Amino acid sequence: MTAIALPRAVSPGRIKIGLLVLALLAGWALPYVAGPFAVATATLALIYGLFALSINLLAGYGGLLSLGHAGIFGVAAYGVGYIASRTEGGYGAQLFWGMAAGLAVSLIFGVMAMRTRRVYFLMVTLAQGMIVYGLAQSLEPVTGAENGLTGVYRPAFVLEDWQFYYLSLAVLAICAGLIQVVVRSPFGLALRGLADSDTRLAMTGYSVVGHRLLGFVLSGFFASIAGILYAYNNEYVSPSVAEFNTSAQAILMIILGGVGTLSGPVIGAFVIVFVQNVLSLQIERWPTVMGLIFILMVLFARNGFVGGVTRLWNRYVRRREEP
Amino acid sequence: MTVSPKDAVLELDAVTVRFGGLIAVDGISLTVEPGARWAVIGPNGAGKTTLFTTVAGERYPTSGRVRMFGRDVTRTPSHRRARRGLGRTYQVTNVFPRLTVVENVAVAAAAAAPGRLRFWWPGRPDGHADETLEQCGLASRRDHLAGELSHGEQRQLELAIALAARPRLLLLDEPAAGLSAAERVLIRDLVRALPEGMSVLLIEHDIDLALDLVDQVLCMDNGEPIATGTPAEIRANEHVQAVYLRTDGDGEAEH
Amino acid sequence: MSGEYLLTQVLNGVSLGALLFFLAGGLTLIFGLMRIVNLAHGGFYLAGGYIGFATVTATGNFWLAFLAAGASIALLGLFTERALLRRLRGQELPEVLLTVGVATVLGDLALAVWGGDPKSVDPPAAIGGTLQLGELPYPTFRIFVVALAVVVGLGLFYLERRTRLGAIVRAGVDDRETIQALGIDINRVFTGVFIVGSLLAGVAGVIGSSFLGLLPGGDVEILLLSLVVVIIGGLGSLPGAALGSLIVGLVQAFGTSELPQLATFIIFAPMALILILRPSGLMGRPI
Ligand SMILES: Nc1ncnc2c1ncn2[C@@H]1O[C@H](COP(=O)(O)OP(=O)(O)OP(=O)(O)O)[C@@H](O)[C@H]1O
Ligand SMILES: [Mg+2]
């Protein structure tokens, strides 16, 4: 370990890699040690974790918080559901159209939102998400309205819950790796610069609108993957996928785990999904509980779990190094 | 359109900027040759920053034309001008506070590298960035967050970001604003040491400092050009003296 | 399309616009001064509606419902601003996120208390029934709502343009430091404006209860429409809110009757257009 603690350094790389290996090991071991309920719940957490990561890519690095990503997540899920239930399309077609629908909507939403920022961006994306939800509820021929779309089936190789769990784990790991590559690339650096000062970034030679749009579409890409996974995991798509609460919950996961970190949103997803699935058996008022956690986190613990731990760690390291 | 080396770096033709009823810049014309050093002086509110904003493309002029590197860029967005070789610093510090110092500079250096959109780093990420930091005296602060730097260091970083992209035309808006005498010397030396081929426009309230660094001066008042010439001519110009007497000295009061 | 049909739809649109103005006007006022987008506004509306419903059920008095809903939602606004938002003053994102939390709690509590069945309130006899507009009979209540919106709109406009408070609010839009420099307790102005906005949302809930009915999810729906209004009109501009309400009301009325399945989608078009051509809205200041 080097002697100088960089102010921004989270934990030295080796510890990070160690934790990552531990997490992957735990992920691999889970179906061997836990029951079917825990495996199914963990699968959901992995999917929502990926969804939260997609929002975090834009919010945590680009400074643009989308409140409407459930719209993109939902459109991708509906894309799969529509091909599966209303046409004869096989898995190739389902995946293709799920992805295409998600990306197309990301592009349209991105073009609409790219010239706005801050609160305006928030409002615009919120409206976008709500519009998808409204369409899901009313456009019966395509979405089946309140009845939703049935007839989505998992491919044969992931029929069992534990199999689907491993698929989700693998997809999340790959996507997290990709997101890490993006964040560390020149593009990622520019994206972070965008969050700090768009005038300065433009004056440095970057197209602000272009970077916002690309960031939005990339984020939509990962949200779409999460939506597709969701559709197969659930084998049913209904308007609630695109609900505002889906977005709000993902944002809560990010805040809980730590904004602008790679592990935070996933940790947050596990906490929320497990708490929800355990609690909702006991209390009916889950949204109230969620709303209260939301308020408390925003008021008192905005760095989230990873942010808090990082701080404590840095303090510890600094104290050890001071003579 | 081809650009021959003899072409002026910047040509302003009767550039005017209005804010509602207020005319902030009123018919400024100016030709900047390659490698020329210009000072833009004038009392507070004379329109100097607004003129820079227009040259930078952050605001388009109400009327008049801007040509840069031999092309008409009157309505070209700022990032395109930057890519062609324009750099600027801001009067009010405008850095990336949540990036580290080296990242601040690297982001600018990466913009200048060929192929703007990259998902991987070409070679070592911050080679050129480190050079620029060295040049601007920030090497020891390399891994600190920009937001944690002192005001003086942030002004140095302000300059470093602009230089990292190796601009051909550099706009410096009061680079020494709010600095102590010692820090001003540092900035002065930095400006003096800029590569010879680089054209520089410098806004500076400290007349002595400004005139010491340049070979041409534009003096503005109320948006209008009241004099252009060499530092010696400007010092001798009665009109300029009158403006500066009226505003009582060098108008340092603002910061 | 018969003239009668057209007129009915126009009236439906204008009256829906009037309802939206109560919400959008409040949103815009709050944003104009505090730079907060209150996403709990839909929740305030729905809670106001249910409180109005409960009041009418208990007392049979519609006017009392206005009073009860207005007062309790104003109190709710007072609490939200004083106890919660004040802790985050000036931190744009956390402020909005906090209102998201409040909205989630409100929506769920309303569901807990009043259940999932639609509720509605009949307007009192005085403004119930229909009014004969030439050949066309039209609900008197809706015309009353339009009149009320015009009065409230003019009142707000007067407050904003002609009074000291308004001058403060307008100065606040331009420059917060200026007002503080004038020695004005900006916090009290914040609270006041937030209460006015909340009160309007509560009153709108009562109107909405006899207009659209009350239903879980109604908060989200009305919030969407109000957001579209302010996006189109320009956040922070009162005339913009009025114009936006009218546009969204009309588009929505014709959309619902012509293409019910795509109704939500149809307001998407004007919003998208505005955002691409004029991101700051028709009457908003550049963003
Ligand atoms: N965005 C704007 N909107 C309206 N008026 C503006 C705007 N920017 C500048 N002005 C006005 O234009 C005039 C010129 O301002 P500018 O900042 O260009 O002056 P300056 O010469 O840079 O002054 P200083 O020495 O104080 O920096 C001033 O009267 C200023 O108030
Ligand atoms: Mg200036």
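Guide: Two strands are taken to pair if DSSP finds at least two bridges between them, and strands (E, at least two residues) and helices (H or I, at least four) are DSSP runs numbered from the N terminus. This is a predicted model, in which local features need pLDDT of at least 70, side-chain atom pairs count only at pLDDT 80 or more, and totals for chains, interfaces and linings use all residues. Residues are numbered from 1 along each chain as its sequence is written, chains are lettered from A and ligands numbered from 1 in the order in which they are written, and side-chain values use heavy atoms, with hydrogens and water left out.

In chain B, 4 strands form an open sheet in the order 2-1-4-5 with antiparallel pairing, and its edges are strand 2 (22-32) and strand 5 (71-72), each pairing on one side only. Within this sheet, strand 1 (residues 10-19) of chain B is joined to the antiparallel strand 4 (residues 63-68) by 5 bridges, and B:E11 stands opposite B:R67 of strand 4.

Across strands 1, 2 and 4 of chain B lies helix 1 (residues 48-56), where contact means heavy atoms within 4.5 Å; the helix runs at about 120° to strand 1, the axes being lines fitted to C-alpha atoms, for helices over the stretch in contact, with angles from 0 to 180 degrees between N-to-C directions.

Since B:T49 lies in helix 1 of chain B and B:Q91 in the loop between strand 6 (86-88) and helix 3 (101-112), the pair ties together parts that are 42 residues apart in sequence. B:T49 is partly exposed at 28% relative accessibility, whereas B:Q91 is buried at 16%, with buried meaning under 20% relative accessible area, exposed over 50% and partly exposed in between (1.4 Å probe, protein chains only).
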